[in-house]
Amino acid sequence: NSQNRFYEESNEKTHLLETDWKQLNLVEQNLDTQDSLIAEREEGIDEIHGKMVEVNEIFTDLNTIVVEQAPLVDHIQSNIEHARFDVEKGVVELEKATNYQKKANSKTRYIVCLLFIIMVVLILGVVLTVLLTQ
């Protein structure tokens, strides 16, 4: 009987040890899985960090380009302002030229009319002279 009891206790302990062993294996597997997930997350974090460094470099390069081109943009803006001023002066000069052209056209008409009258008077004078001398 004591042997049976010993045997039963031994079986119970063996069963408990096997159960503990299985639980320990499950815990180890769970830890391995957790370690694997942690490693994947660390890789993802490292990848994100690398991308952020690249984006930072891009923004730094862009800032350098903007700073380098600022004087060119200022020069272009200055040229545009000068061109606007010159165009406004050109419009004023064209208006003056239009007025001068109108005045010149009216003077030309007066001169043509005056020459026509002089020619008519000369022709009449020549015709009258010819008619009177006959």
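This section describes charged side chains in a predicted model.

Two salt bridges were counted. One joins Arg84 to Glu88, with 2.9 Å between the closest N and O atoms. Both partners belong to helix H1. Four residues separate Arg84 from Glu88, about one turn of the helix. Glu88 has a relative accessible area of 42%. This value lies between the limits of 20% and 50%, so Glu88 is classed as partly exposed.

The other salt bridge pairs Lys96 with Glu93. Here the closest N and O atoms are 3.8 Å apart, which means that the pair falls within the 4 Å cut-off. Lys96 and Glu93 also lie in helix H1. Their spacing is three residues, again about one turn of the helix. Lys96 is partly exposed, at 40% relative accessible area. Glu93 is likewise partly exposed, at 48% relative accessibility.

A negative surface patch was also identified. Its members are Glu40, Glu42, Glu43, Asp46 and Glu47. Glu47 is placed in helix H1, which covers residues 2-133. The relative accessible area of Glu47 is 52%. Exposed residues are those over 50%, so Glu47 counts as exposed. Membership of a patch requires over 30% relative accessible area and no salt bridge. Glu47 therefore passes the area criterion with its 52%.

How values were computed:
Residues are numbered from 1 along each chain as its sequence is written. This is a predicted model: local features need pLDDT of at least 70, side-chain atom pairs count only at pLDDT 80 or more; totals for chains, interfaces and linings use all residues. Side-chain values use heavy atoms; hydrogens and water are left out. Patches are made of residues with over 30% relative accessible area and no salt bridge: like charges are joined within 9 Å, nonpolar side chains (Val, Leu, Ile, Met, Phe, Trp, Tyr) within 5 Å. Accessible areas come from the Shrake-Rupley method with a 1.4 Å probe; for residues, only the protein chains shown count as cover. A salt bridge is a side-chain nitrogen of Lys or Arg within 4 Å of a carboxyl oxygen of Asp or Glu. Lys and Arg count as positive and Asp and Glu as negative; His and the chain ends are not counted. The place of a charge is taken as NZ of Lys, CZ of Arg, CG of Asp or CD of Glu. Helices (H or I, at least four residues) and strands (E, at least two) are DSSP runs, numbered from the N terminus. Buried means under 20% relative accessible area, exposed over 50%, partly exposed in between (1.4 Å probe, protein chains only).
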